[in-house]
Structure formats: C-alpha cells, structure tokens
Amino acid sequence: MLLIVSPNLCLDRIVVVRGFAVGRVHRAESAAELASGKGLNVARAARALGVDVRVVGIVGGGAGARAILRGARAQGVRLDAVRVPGPVRVCTLVIDPHQGETVINEPGPSVSAAAVGTLRAHVRTALKSAQAVVLAGSLPPGLPPAIYAEIARQAQAVPVILDATGEALRLGLATRPYLVKVNQLELQEVVGRPLDTPDAVRKAAEEMRTTTGGCVVITLGAKGALVLTAEGGWRIVPPEVHRVNTIGAGDSLTAGLAAGILQGRPLLEAARRGVAAAAADVTTLSPGTVDAALVEQLVPRVEVYAL
C-alpha cells in the first residue's frame with residue numbers, strides 16, 4: 001500500500017476560458033470540480049497505474065468537503081480525512097488552450113492542536129501497512145512545519161518520497177529521505193541562489209543529494225527531469241504530446257515514481273515511467289489523471305541521457 005500524507009487537500013475548480021486576459025469579463029467554455037490537492041492527484045494517478053493507495057489529509061466542512069469525500073470514493077481512493085471547521089480550500093484553475101494556465105490557490109482552513117493530534121494518529125495507523133510513503137504539498141495554517149520530518153522519521157525503513165516546499169522541505173531534508181522530488185524553483189529556494197543555467201541546476205541537485213544521501217529528482221517542466229543517485233545522474237526527456245493542461249503533471253510523475261518503486265523497478269526505470277505518466281497527464285484537462293495504456297505506450301519514447 002502507498003501511503004500519501006497531504007494535509008492541504010482542496011477542491012479544484014477547473015474553468016476553460018479561451019483568450020483569457022486579466023482585467024476583462026470572460027464567458028467560460030466549461031467548468032468542472034475535482035477532489036484535489038497534491039495528495040489526491042498523486043493517489044488518482046497511482047490508482048490508475050494499479051497501486052493500492054491511502055491518503056491522510058485535512059478537509060474543512062460544508063458542501064465542498066462532501067464533494068471532496070465523494071470524489072475520493074469515486075476514484076477508488078481511501079481517504080482518512082481529518083475534518084476541521086471552516087470552508088474547504090478551493091483552488092481555481094483557469095485553462096486557456098492557447099496559453100499557459102492561471103492558478104489561484106486559497107489557503108487551507110486553520111488546524112487546531114486537536115486536529116494535528118488526529119492527523120498524527122491516522123498516520124501512525126496507516127504506517128503499519130505502508131510499503132512506501134509520499135509526503136506531498138503545502139501545509140495549512142496551524143500545522144507545524146516539522147510534520148513531514150516527523151513522519152519521515154516514523155517511517156523508518158519504509159521508503160519516503162518527499163515532495164514539499166519551504167520550511168517543510170528544509171526540515172524534511174534533514175531526515176535523509178529515500179527520494180526528494182522538487183521543481184527547479186523549489187530547488188532554488190533551498191540552495192538560496194539563482195539557478196539560471198542547466199549546470200547550476202545540476203550542481204544544486206548534487207548538493208541536495210549529498211545532503212540527503214538518497215535520490216533526487218528535479219522536474220523541469222516540458223524539458224523532463226534530472227535524476228541523481230549514488231550510481232550517477234541522468235536527464236530524462238519526455239516525448240512530445242498534445243498539451244491540454246500541465247497542472248498536476250508533477251503529481252503524476254510522483255505517482256509513476258512510487259508505482260515503479262513498489263513494483264521493484266530500478267529507480268531510473270521508475271523515474272522513466274514517472275516522466276511518461278506526467279506526459280500522459282498533460283494530455284488531459286483534470287490534474288492527476290492518466291490512462292495506464294497511454295503511459296505504457298509513452299514509456300519507450302522517453303529518452304534517457306547520462307549526465
């Protein structure tokens with residue numbers, strides 16, 4: 001079972017607007033809601049790839065919360081939801097087929113000390129049957145930034161994939177997780193200097209790998225990813241696909257990585273499948289949505305270059 005701890009779950013509002021521009025009145029072409037947040041995106045993609053998943057996260061109240069719970073059930077995802085007062089976090093995704101996506105992320109509802117305790121209890125129970133752990137996403141107000149580091153230490157011999165930002169990422173790195181997955185901007189924030197060349201990105205990734213002693217995956221958007229392990233480094237380039245929406249592609253990459261690890265594949269092969277899953281996600285409107293058959297078709301087209 002893949003345990004995914006992602007406290008800041010949300011309800012995505014996906015709006016397609018052709019010719020979107022700031023300061024204008026638009027008529028939406030379509031609109032849809034999706035149970036989301038990084039954890040549910042990873043879980044949805046991992047389920048499509050045949051992985052048994054369990055998500056622990058925090059959800060507010062009202063109709064939005066019911067929509068998140070229904071959405072998780074419909075996707076075959078077991079969700080241990082810690083309910084807290086206040087409206088659910090809503091993230092608005094404005095998709096214009098002819099330009100980049102616009103995202104407005106709301107903060108999550110505040111979390112009390114009692115809710116933090118309930119979250120910890122859910123995690124302790126789930127860890128007993130977990131074969132791998134993903135720690136993913138931002139933290140809502142009231143949740144201590146050391147929570148991911150705390151869970152990583154509790155996981156002990158279970159491989160941990162850390163996909164976080166800011167202080168939660170910095171504290172998590174100190175636990176020396178099995179794998180850290182961040183994008184270029186998140187890597188730049190950790191090392192505290194501009195990473196404006198491929199060589200600078202590579203050197204910073206090597207520094208992070210030295211710090212953790214584990215594996216590092218740096219996502220580079222349409223350019224693919226860098227993978228660094230104790231055995232070496234590689235650049236993984238995705239195949240060209242019809243782009244619909246790039247939001248959530250990184251979460252599908254995490255899902256592909258985790259699925260590969262659980263299936264006993266070498267890390268480089270798992271990363272290759274993760275990049276194929278990200279490419280498959282890009283062809284869909286909904287984040288964290290992949291077709292397993294398409295992923296299998298794309299894997300042979302993913303190129304790998306030794307650094």
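Modeller: Happy to. A residue is called buried when its relative accessible area is under 20%, exposed when it is over 50%, and partly exposed in between, using a 1.4 Å probe and protein chains only. This is a predicted model, so local features need pLDDT of at least 70 and side-chain atom pairs count only at pLDDT 80 or more, while totals for chains, interfaces and linings use all residues. Residues are numbered from 1 along each chain as its sequence is written, and side-chain values use heavy atoms, with hydrogens and water left out.

Let's look at helix H3, residues 113–127. Helices (H or I, at least four residues) and strands (E, at least two) are DSSP runs, numbered from the N terminus. H3 has 15 residues, and from first C-alpha to last it reaches 21 Å, close to the 21 Å expected at 1.5 Å a residue (the expected span is 1.5 Å times one less than the number of residues).

The residues of H3 that count as buried are Ala115, Val116, Leu119, Val123, Ala126 and Leu127. They lie on the same side of H3 because they cover an arc of only 110° around its axis, an arc taken from the directions that run from the helix axis to the C-beta atoms. Ala113 and Ala114, on the other side of H3, are exposed.

What do the buried residues of H3 pack against? Their partners are strands E1 (2–8), E4 (53–61), E5 (78–87) and E8 (132–136), together with helix H4 (147–155); contact here means heavy atoms within 4.5 Å.

Those strands deserve a look of their own. E5, E4, E1 and E8 are among the ten strands of an open sheet with mixed pairing, in the order E5-E4-E1-E8-E9-E10-E11-E12-E13-E14. At its edges stand E5 and strand E14 (303–306); each has a single partner strand, so one side of each is left without a neighbour in the sheet. On average, neighbouring strands of this sheet are turned by 15° against each other, direction ignored. The axes behind that angle are lines fitted to C-alpha atoms, for helices over the stretch in contact, and angles run from 0 to 180 degrees between N-to-C directions.

Now strand by strand, where two strands pair if DSSP finds at least two bridges between them. E4 and E5 are parallel partners joined by seven bridges, with Val55 standing opposite Leu79 in E5. E4 also pairs with E1 in the parallel sense, over five bridges, and there Leu3 faces Arg54 in E4. E4 is largely enclosed by the rest of the structure, because eight of its nine residues are buried. E1 in turn runs parallel to E8, with four bridges between them; Leu2 has Ala132 of E8 as its bridge partner.

Further along the order of the sheet comes E9 (residues 160–163), which holds Asp163. Asp163 is buried at a relative accessible area of 3%. Once neighbours within four places in sequence are left aside, the contacts of Asp163 are Lys38, Leu135, Ala136, Gly137, Lys181, Asp251 and Thr254.

Gly50 is exposed, with 62% relative accessible area.

Strand E6 (residues 90–95) runs antiparallel to E7, joined by four bridges, and Thr92 stands opposite Ile104 in E7.

One last item is the cysteines. The structure holds zero disulfides, a disulfide being a pair of cysteine sulfur atoms within 2.5 Å. For Cys10, the closest cysteine sulfur is that of Cys91 at 3.7 Å, too far for a bond. Cys10 is buried at 2% relative accessibility, and Cys215 is buried at 10% relative accessible area.
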